[in-house]
Amino acid sequence: MSAEASSYAKPLPEPSAVSLPFWEGLRQHKLVLQRSKNTGKFVYYPRLVSPYGPRDELVWTECSGRGSVYSFTVARRPTAPQWADDGPYVIAIVELDEGVHLTANIINCPPDSVRIGMQLNAVFVDVTNDTTLLQFEPAH
Amino acid sequence: MSLKGKSAIVGIGEFRPSRYTEGATTLGMLAEVGLQAVDDAGLELRDIDGLVTEAFAESPMFAPATMVEYLGLDAKFAEVVDHGGATGAAMVLRAAMAISAGLCDRVLCVTAARREKRTTEGPRRSANTGWSGRRSDRTPYSEFEVPFGAIGANYGYAMIAQRYMYEYGVKPEQLAKIAVDQRYNACHNPNAVFYRQPITVEDVLNSPLVVDPLHMLEIVMPVAGAAAVVVTGARTAKKLKHDPVYVLGAGEHTTHRSITYAPNLTTSAIKVAADMAFDMAGVRRKDIDLASIYDCYTITVLVSLEDAGFAKKGQGGKFVESHNLRFDGDFPLNPHGGQLSFGQAGLAGGMSHVTEAARQLMGRAKGRQVRKPQFAFVNGNGGIMSEQVSLILGKDR
């Protein structure tokens, strides 16, 4: 999926030096997240330091892109002006199979069909030439 | 060190919420409502030796110094509190701490929100604020939430409600009753934005779905307003005009900013804050005569009632259904109408839960007075159930 850079009017992420590998991964349609060396737990979002302590180390690791809906809402009214023309859309907390929670939109399905626990796959949406967003769709 | 009984709320200032302000500055509103509270306490500005303010728009830095200068104060303690909706309750906690530490004795706590028509109306209404996402602030929030439209608070509380329904179940009618009972209270409060406008459960459920499963009448309406209290040491409090409202217990708990990373969607940070406050006060849940609980949404109240220990986890719906939550009912909740029906004036909305509990305990809530209350539970909630401050207030030390 791609969209003209000029036509994309929604807020874009501004990657930092720390988060760049994550965003670069998405551009290559791969999901890479940091993983705590000491605990084996994944970390989202990318951090400069580990939330698991001063002697820990975070290692970039590729993830499955599979997950499920932890919770969601259908926004019937836009949450910000840039979404005003979108019609109802789904904002969800996704629980990755790797254990972490993240926020994304559930796309490629009717908003009213989304349920908690629904199995999901990652969708890499190239919104501009430079930016790919991590979205999710129902697994079939 | 316990704060129990060492300080008291002795004066209240509050503006009647309005839809818009024209040409007002936040600084001016803070000063005006602050003076109201000082005067209400029977004090003069020169008596005030401590200030707790918010980081208001015109002076996000140096806010306390700006306030001190504007009012000509001589402050031994001046600080800013940044706890969103929990700011009002957190200000009282900090004032009580500073007094109990001996830094100062008479502390003014002030909040205010202006709201101008030209910048707040229309589809572009919040385009210049940090919440809108148009201006990146290089926070994780801007980078990992905003691009998905996870902006504002509605969506987050909706996800809490959705998950709550999945884990425990609550009938839409039960959630709606919270809004209905609070509206009854507002109908007895001439200062409420929805004074004399009663609603029914059907009205709530027939109002448009904004973010599933929350309806418009389950969501606060932003207004302009201001609220302030004066907190003094217990010894000073006894000599002043009104019956002191003692700070008997306080607790605070912060766990996340974005709801995505909340440790739990359905058990909130309130639990720890409320337990701390009750333990400090040595007051039992059943001793509470009135609950003044932050109510940005109906689901907020439901989860708060459970986590504060008034209802068992998962039983909030039943609790709400089986209790009369009106000011004249068996479990008086937000007698001023709550923010849902009184209005949410920015951080002053959160402070309204403090001012109302104090007013009730002083016996000054004409037209909606809870019958002889001794103890009140106050909860402030910031962000999306992110920052919680609980207070136990009482008539006796």
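A: Of the 397 residues in chain B, 62% are buried, and this chain is the part to be followed here, with the caution that the model is a predicted one. The secondary structure of chain B amounts to 14 helices and 11 strands. Its radius of gyration is 19 Å, which is close to the 21 Å given by the globule rule for 397 residues, so chain B is as compact as a globular protein of that length. Taken along the principal axes, its C-alpha trace spans about 55 × 45 × 40 Å. The contacts within the chain also tell something about how the sequence is brought together: among those in chain B with a separation of 6 or more, 78% are between residues 24 or more positions apart.

One pair of helices shows such packing in detail. Two packed helices are described by the angle between their axes and the distance between the axes. In chain B, helix H3 (residues 87-100) packs with helix H14 (residues 346-362) at an angle of about 60 degrees, and their axes are 6 Å apart. H3(B) and H14(B) are therefore oblique to each other. On the side of H3(B), the contact is made by B:Thr87, B:Gly88, B:Ala89 and B:Val92, while H14(B) brings B:Leu347, B:Gly350, B:Met351, B:His353 and B:Val354. Sorted by class, these residues are 5 nonpolar and 4 polar, and no charged residue takes part in the contact of H3(B) with H14(B).

Because B:Lys372 has 10 C-beta neighbours inside 10 Å, it counts as exposed. A second residue of this kind is B:Phe62, which is not a glycine and yet has a positive phi of about 60 degrees. B:Phe62 is found in the loop between strand E2 (50-53) and helix H2 (63-71) of chain B, and with 12 C-beta neighbours inside 10 Å it counts as exposed. A further detail concerns a peptide bond, for the one that joins B:Asp212 and B:Pro213 is cis, with omega about 0 degrees. B:Pro213 is placed in the loop between E5 and strand E6 (214-215) of chain B.

Strand E5 leads on to the partner chain, as this strand (209-211), together with helix H5 (140-144) and helix H6 (154-167), is among the elements of chain B that give two or more residues to the side touching chain A. Altogether, 33 residues of chain B are in contact with 30 residues of chain A. H6(B) gives the most to this side of chain B, with 7 residues. By class, the side of chain B that touches chain A divides into 18 nonpolar, 8 polar and 7 charged residues.

Buried residues make up 35% of the 140 residues in chain A, and 53% of its contacts with a separation of 6 or more are between residues 24 or more positions apart. The domain assignment divides chain A into domain 1 (15-63) and domain 2 (64-140), whose centres, taken over C-alpha atoms, are separated by 21 Å. Between them, 10 residues of domain 1 are in contact with 11 residues of domain 2.

Chain A has a cis peptide bond as well, joining A:Tyr44 and A:Tyr45 with omega about 0 degrees. A:Tyr44 lies in the loop between E2 and strand E3 (58-62) of chain A, and with 21 C-beta neighbours inside 10 Å this residue counts as buried. Apart from neighbours within four places in sequence, A:Tyr44 is in contact with A:Leu33, A:Val100 and A:Leu102. A:Leu102 is 58 residues away along the chain from A:Tyr44, but their C-alpha atoms are separated by 7.0 Å.

Note on methods
Residues are numbered from 1 along each chain as its sequence is written. Chains are lettered from A and ligands numbered from 1 in the order in which they are written. This is a predicted model: local features need pLDDT of at least 70, side-chain atom pairs count only at pLDDT 80 or more; totals for chains, interfaces and linings use all residues. Axes are lines fitted to C-alpha atoms, for helices over the stretch in contact, and angles run from 0 to 180 degrees between N-to-C directions. Helices (H or I, at least four residues) and strands (E, at least two) are DSSP runs, numbered from the N terminus. Angles under 35 degrees count as roughly parallel, over 145 as roughly antiparallel, 65 to 115 as roughly perpendicular and the rest as oblique. Two residues are in contact if their C-beta atoms, placed from the backbone, lie within 7 Å. Ala, Val, Leu, Ile, Met, Phe, Trp, Tyr, Cys and Pro count as nonpolar, Asp, Glu, Lys and Arg as charged, and the others, Gly among them, as polar. The radius of gyration is taken over C-alpha atoms; the globule rule is 2.2 Å times the number of residues to the power 0.38. A residue is buried if 20 or more other C-beta atoms lie within 10 Å of its own, exposed if 12 or fewer, and partly exposed in between; C-beta atoms are placed from the backbone. Domain bounds come from an automatic or database domain assignment.
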